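This report describes the fold of one protein chain for a reader who is new to structural analysis. Please keep the sequence and the model in view while reading.

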Amino acid sequence: MGFGWSKNNKNILQDEEGRPFGKEAEFTINGKTQSVSGQDILPTMPLVNFIRERTNLMGTKFMCREGVCGACIVSVTSIHPATGKPNTFAVNSCLIPVLACHGWSISTVEDLGSRTLGYHKIIKRLAAANGSQCGYCSPGMVMNMYSLLEKNPKMTMKDVENSFGGNICRCTGYRPILDAFKSFTSDCSASLQTKLADMEDLMDESKYCSKEKYHANKRTPKPYVNRLQFDLKEGGTFWFRPDQLKEVFQILDMIGIKHYRFISGNTGQGIYHIRIEPEVYIDLNAVPELHAVSTTPEGISMGASVNLTEAMEFFYKMAYEQPAKFEYLKALADHFDMIANIPVRNTGTLGGNLYMKHSNHDFSSDIFILLEMVNAELVIADFYGEKITVGLLDFLKTDMNRKIIITILLPNLDNRTYYVRTFKIMPRAQSAHNYVNAGFMCKMDKKSYNILEKPNLVFGGIKPDFIHAKNTEEYLTGKTLIDPNVLKEALNILELELEPDHILPDASPEYRKGLALSLFYKFVLSVAPDKVKKDYQSGGPLLERPVSQSKQTFDTESSVWPLSRPVPKIESIIQCSGEARYANDLPNIPGQLWAQLILADRGGAVIIKVDTEEALKIEGVVAFYKAEDIPGVNDYYPATMILVKDDRELLKLVMKSKILGK
């Protein structure tokens with residue numbers, strides 16, 4: 001296949017194999033086929049906008065637009081480009097460009113039932129557990145849980161507690177939410193299941209449901225033409241979706257100096273927004289070579305478009321099956337669990353994260369730190385298809401214009417001599433940027449604890465140009481790691497070479513420096529716990545939080561039920577199902593205006609005059625209203641409310657009202 005540009009800047013396709021190119025992105029939403037051409041939308045339109053504006057499904061909410069709050073989560077089933085197997089996962093629809101959804105089967109909360117068809121048990125359990133207050137976050141919670149159960153029906157209570165770091169609830173609290181979802185787990189207590197089942201019975205669906213009850217709609221993706229190529233609504237902008245690696249090279253060669261952007265998970269938008277709108281988008285989601293994972297005699301080869309969830313699962317698998325060579329991968333997988341949250345990891349890729357580090361050296365990338373720690377290498381190819389293999393530090397210096405990361409190579413590490421630990425300190429356990437992250441790898445004699453070669457002590461969050469603690473690494477080479485004198489001197493050297501910068505909103509340099517020193521000390525304590533004094537042994541292992549337990553009781557008397565009987569609130573079921581409508585779910589009306597409060601910059605100032613003449617000349621400004629223009633009394637108390645000074649005065653009023661018969 002070949003590509004070329006015509007005089008009028010339109011691309012010409014020359015397919016030597018005779019395979020067709022799709023001219024529309026096709027996918028399904030709740031089983032209904034959607035087709036989008038490049039002329040229909042802007043290339044940056046996210047899936048959440050399409051769902052709400054084009055299909056009028058308002059159950060999918062939005063808030064942060066950075067993949068953090070989880071209000072926009074939907075469930076996706078797609079065919080893996082390398083294995084050909086279907087896979088179901090949750091995604092943040094605020095981050096995914098709708099054109100990148102080609103071939104997906106998407107389910108929104110509306111696919112899980114309604115007042116007319118009945119509700120999925122996930123919706124009913126969340127409502128029954130009083131897990132919804134304002135309800136705005138509830139549909140996203142439901143869709144995350146639905147995706148988790150589709151992938152792993154035997155998940156545990158611990159899995160549930162570890163799976164909602166990407167869903168923010170601002171008013172209910174997580175106890176009832178987690179109780180509802182734990183009731184679906186394989187190790188759930190019988191009492192919790194019974195309790196929620198009883199509460200479900202209080203929601204009489206017969207009042208508003210037809211006889212046909214809801215059952216889960218498992219959507220299987222339809223076969224589509226994988227390759228796409230079309231002009232976009234913005235003049236001179238193009239979208240390509242190749243399905244072979246050689247086509248990626250040909251596109252890079254064809255576009256010359258045009259500004260381009262690779263599209264895969266697009267989760268980097270949650271950290272760094274696009275600065276310059278590209279002229280060419282290259283969707284990598286259909287290229288099998290970039291999603292392939294394999295073992296080699298030297299180690300492991302992972303395609304750059306492998307997402308973080310898939311990488312974690314593969315790391316755990318290899319650490320369990322071949323610990324002699326890959327035991328260290330468990331430490332990497334455990335660390336991945338602290339990166340972002342599950343929906344972000346489901347689409348965010350290894351290569352995309354590294355590209356972010358390359359473009360923004362101040363980005364404290366966990367992926368970069370971990371790969372550099374274990375001496376991983378990257379295979380990079382240019383538009384001619386010529387390949388080079390570089391280390392992570394050299395990658396930062398490599399000109400990546402019209403080049404692409406193809407694979408990430410991880411080595412075999414003999415578990416008899418290599419010791420690996422990683423750390424990440426952040427404001428909360430998940431979905432947060434780190435204060436400091438660190439990785440330590442030592443090759444040593446595990447009997448004498450002599451370090452056999454220069455160790456890797458790598459840090460993130462200190463400053464952009466500080467990655468290796470080089471002086472400390474040099475000092476430790478050939479030393480006995482657990483020797484108290486060696487440890488003391490190593491800490492002194494490390495303290496001297498740690499010079500954190502201070503760029504707000506980062507934590508203070510002193511704090512971050514203290515963290516880095518403490519993490520190295522923690523690493524040393526963990527190497528040989530039986531050689532450490534008993535008083536210090538607890539400093540080595542990471543603290544593991546057990547599964548939380550909770551109980552809620554209601555002060556009520558069953559003999560007077562239904563009076564005072566605890567029941568789910570009436571609107572909870574429509575909140576959890578996405579049927580409740582909020583202010584931004586209402587359609588705009590002709591002539592609609594928006595109000596904006598105008599506040600004085602300086603507190604305590606006395607406003608003598610407000611001159612609105614220039615403001616009213618601004619296009620779109622219709623009127624300005626001050627307090628005097630608004631009729632009524634500036635008072636939020638009800639007109640009939642009586643204020644009293646103390647309880648005695650209140651008692652007099654009560655007695656007087658009784659005497660007067662009021």
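Arg 402 is buried, with a relative accessible area of 17%; buried means under 20% relative accessible area, exposed over 50%, and partly exposed in between, with a 1.4 Å probe and protein chains only. The model is predicted, so local features need pLDDT of at least 70 and side-chain atom pairs count only at pLDDT 80 or more, while totals for chains, interfaces and linings use all residues. Residues are numbered from 1 along each chain as its sequence is written, and side-chain values use heavy atoms, with hydrogens and water left out.

Arg 402 has a positive phi of about 55° although it is not a glycine. Its place is in the loop between α15 (392–397) and β18 (403–411). Helices (H or I, at least four residues) and strands (E, at least two) are DSSP runs, numbered from the N terminus. Most residues other than glycine have a negative phi, and most peptide bonds are trans.

Asn 266 sits in the loop between β12 (260–263) and β13 (280–283), and is buried at a relative accessible area of 15%.

|---|---|---|

**The chain as a whole**

The secondary structure of the chain comes to 20 helices and 22 strands. Of the 662 residues in the chain, 50% are buried. The accessible surface comes to about 34,800 Å², and 54% of this belongs to carbon and sulfur atoms; such areas come from the Shrake-Rupley method with a 1.4 Å probe, and for residues only the protein chains shown count as cover.

Contact means heavy atoms within 4.5 Å. Among contacts between residues at least 6 apart in sequence, 66% join residues at least 24 apart.

**Nonpolar cores**

In soluble globular proteins, nonpolar side chains tend to be buried together. A nonpolar core is a set of buried Ala, Val, Leu, Ile, Met, Phe, Trp, Tyr and Cys residues joined through side-chain atoms within 4.5 Å. The largest core in this chain has 45 residues, and those with the most contacts inside it are Phe 315, Leu 329, Phe 336, Leu 354 and Leu 410. Helix α9 (residues 308–321) supplies the largest share of this core, seven residues. Apart from it lies another core, of 33 residues, among them Ile 73, Ala 127, Val 160 and Phe 181.

Not counting residues up to four places away in sequence, Leu 354 touches Ile 367, Phe 368, Leu 371, Leu 378, Leu 392, Phe 395, Ile 405 and Ile 408.

Ile 467 lies in strand β22 (residues 466–468) and counts as buried at 10% relative accessibility. With neighbours within four places in sequence left aside, the contacts of Ile 467 include Phe 368, Ile 369, Leu 393 and Leu 457. Ile 467 and Asn 456 are 11 residues apart in sequence, and their C-alpha atoms are 9.9 Å apart in space.

**Helices**

Two helices are mostly covered. In helix α2 (residues 121–128), seven of its eight residues are buried, including Lys 124 and Arg 125. Asn 130, which follows α2, has a positive phi near 60°. In helix α7 (residues 245–255), eight of its 11 residues are buried, including Glu 247 and Phe 249. Gly 256 follows α7, and its phi is positive, near 60°.

How do α3 and α5 pack, and at what angle? Helix α3 (residues 138–151) and helix α5 (residues 174–182) meet at an angle of about 30°, with their axes 11 Å apart. Axes are lines fitted to C-alpha atoms, for helices over the stretch in contact, and angles run from 0 to 180 degrees between N-to-C directions. Met 141, Val 142 and Met 145 in α3 meet Tyr 174, Ile 177 and Phe 181 in α5. The residues of this contact divide into six nonpolar, no polar and no charged; Ala, Val, Leu, Ile, Met, Phe, Trp, Tyr, Cys and Pro count as nonpolar, Asp, Glu, Lys and Arg as charged, and the others, Gly among them, as polar.
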